[in-house]
Each structure stands twice: as C-alpha cells, then as structure tokens.
Amino acid sequence: MTSQVPDTALAISGLRKTFGKQTVLDYLDWSVPAGRVIGLLGRNGAGKSTLIRCALGLSPIDEGRVELFGDAVATLRPETLHRVGYVPQSFDLFPWMKVRQYLGFHAAFYARWNQELVDGLLGRWEVDAAKKIGELSQGQRQKLAIIRAIAPDPDLLLLDEPVASLDPQTRRLFLDELLRITRRPGKAVVFSTHITTDLERADAEIALLKSGRIQFSCDLATLKSRVRRI
C-alpha cells in the first residue's frame, strides 16, 4: 500500500544521507505534486545535488523512503522510470559519439520520444547534430542533456543547476523556452539553483534546503511577503 496520494510525483519521508561523519540530508520530508514547477533553492554545498540523486535512486540512502509516482525508488518499474527525466549538473559522457547518434540511441528506448521537438531544439539552441559530444562547449553539452531529458515527454523533470554554465542573456532565453515546453498540465518540474532571478522568471514555487531539511515550501509571492515583514 502506497503512502502517497495519486497526484504526487515525488514523495520523500525521513530521508537521511551521510558521507562519512557528515550528515547532508537529515531526516528530510518533502513532496512534489504533479503540475508544479518548483525551484530547489539552497547555498552551494547545501545538498541540492545529493537530494536529487537520492530522489532518483542514483545515490544510496541511509534511512527513509523515496517514491516516484507511488513506486518505491528501490523497486522502480521500467514504465515509471520512463516518466522521469533528469539533467545532471555537468554532462561529460560519451565524448566519442556524435550528437545525432547519442539521441538516436536513447530514442529507441522510449515510446513517447518526440523527434520533432528534438530537431527543433537542436536548431534553435544551436547544437550541431553532426559534431561529436566531446567537441561541444560546456553550454552546448548542457543543452544536449536537457534535450535528451525532455524528448521522451517526462511527467517529472529533475534538473540540477541546468543553466549555470550559460551566460545571463542565453540563460534567460533558454529558461523561457524550457519552461514553455515543460509547463503543461500534469507535468512536474524541479530545478535546483542558487540564482534567484531564475526562480522569478520561471514563476516557480520555492523549496529551501538548509541544514539537511526542506525548511519551507511556498510560492514566490508568499516568500516576498515574508521578506518584507522582516
């Protein structure tokens, strides 16, 4: 019997994660409803990347439970896994593969792969499909990682500092287009950042990670109201 409600994309309870004697996540509780865009805010080193990796089952946890769409991450079904997209903070895999080959390889695994979207984004984001991944700039590799993550039309998209390597103007345009694509009914997006202007541009709700826990979760207007009262 699942502990989460049907419209919850991600549910975390009592999550504890340590590295040696350092506690990074301290019995953390958090849930992400479907249909929300949430900015995971926290200082560098607060544990944002660790939280995302634990949420995906990419990093083992010490205690607690993580569920994606009602499935425990430890025993995730393939059909549930295909509903989730992930963009890591840096992308340095498969430098010998050409962009088109890399995307074609992944396309074979997904029933909902949107090739029209892929072709459009490669053009608009100026990523040369004929180049090897190792020949791309850091910003282009990050764009490729996002294209690969959103092409299968995921219901939950987790992005770890997705635009940190882009210049401010490109970041603004890039984020606007990314959220136009992903902000549709029933889709949940979580992106970690320490750039507060990105949160405003995305009109995202805020989840603050501090001292190993989500200290509060609210919409941006509520956060601004709290700050003004201080």
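**Close-up views of a predicted chain**

**View 1. The surface and overall build of the chain.** Residues are numbered from 1 along each chain as its sequence is written, and side-chain values use heavy atoms, with hydrogens and water left out. You'll find eight helices and ten strands in the chain; these are DSSP runs numbered from the N terminus (helices: H or I, at least four residues; strands: E, at least two). The chain's radius of gyration is 18 Å, close to the 17 Å that the globule rule gives for 230 residues, so the chain is as compact as a globular protein of that length. That radius is taken over C-alpha atoms, and the rule is 2.2 Å times the number of residues to the power 0.38.

**View 2. The largest nonpolar core.** A nonpolar core is a set of buried Ala, Val, Leu, Ile, Met, Phe, Trp, Tyr and Cys residues joined through side-chain atoms within 4.5 Å. Buried means under 20% relative accessible area, exposed over 50%, and partly exposed in between (1.4 Å probe, protein chains only). This core has 44 residues, and Val 99 and Leu 103 touch the most other members. Helix H5 (residues 138-150) gives the largest share, six residues. Set aside neighbours within four places in sequence, and Leu 103 is in contact (heavy atoms within 4.5 Å) with Trp 113, Val 118, Leu 122, Leu 144, Ile 147 and Arg 148.

**View 3. A second, separate core.** Here 28 residues make up another core, among them Leu 25, Leu 40, Leu 51 and Val 73.

**View 4. Helix H1 and what comes after.** H1 (residues 48-55) is mostly covered, with six of its eight residues buried. Those six are Lys 48, Thr 50, Leu 51, Ile 52, Cys 54 and Ala 55. After H1 comes Gly 57, with a positive phi near 80°.

**View 5. Asp 71 in its strand.** Asp 71 sits in strand S5 (residues 71-72). Is Asp 71 buried or exposed? Asp 71 is buried, with a relative accessible area of 12%. Beyond its neighbours within four places in sequence, Asp 71 is in contact with Val 66, Leu 76, Arg 77 and Thr 80.

How values were computed. This is a predicted model: local features need pLDDT of at least 70, side-chain atom pairs count only at pLDDT 80 or more; totals for chains, interfaces and linings use all residues.
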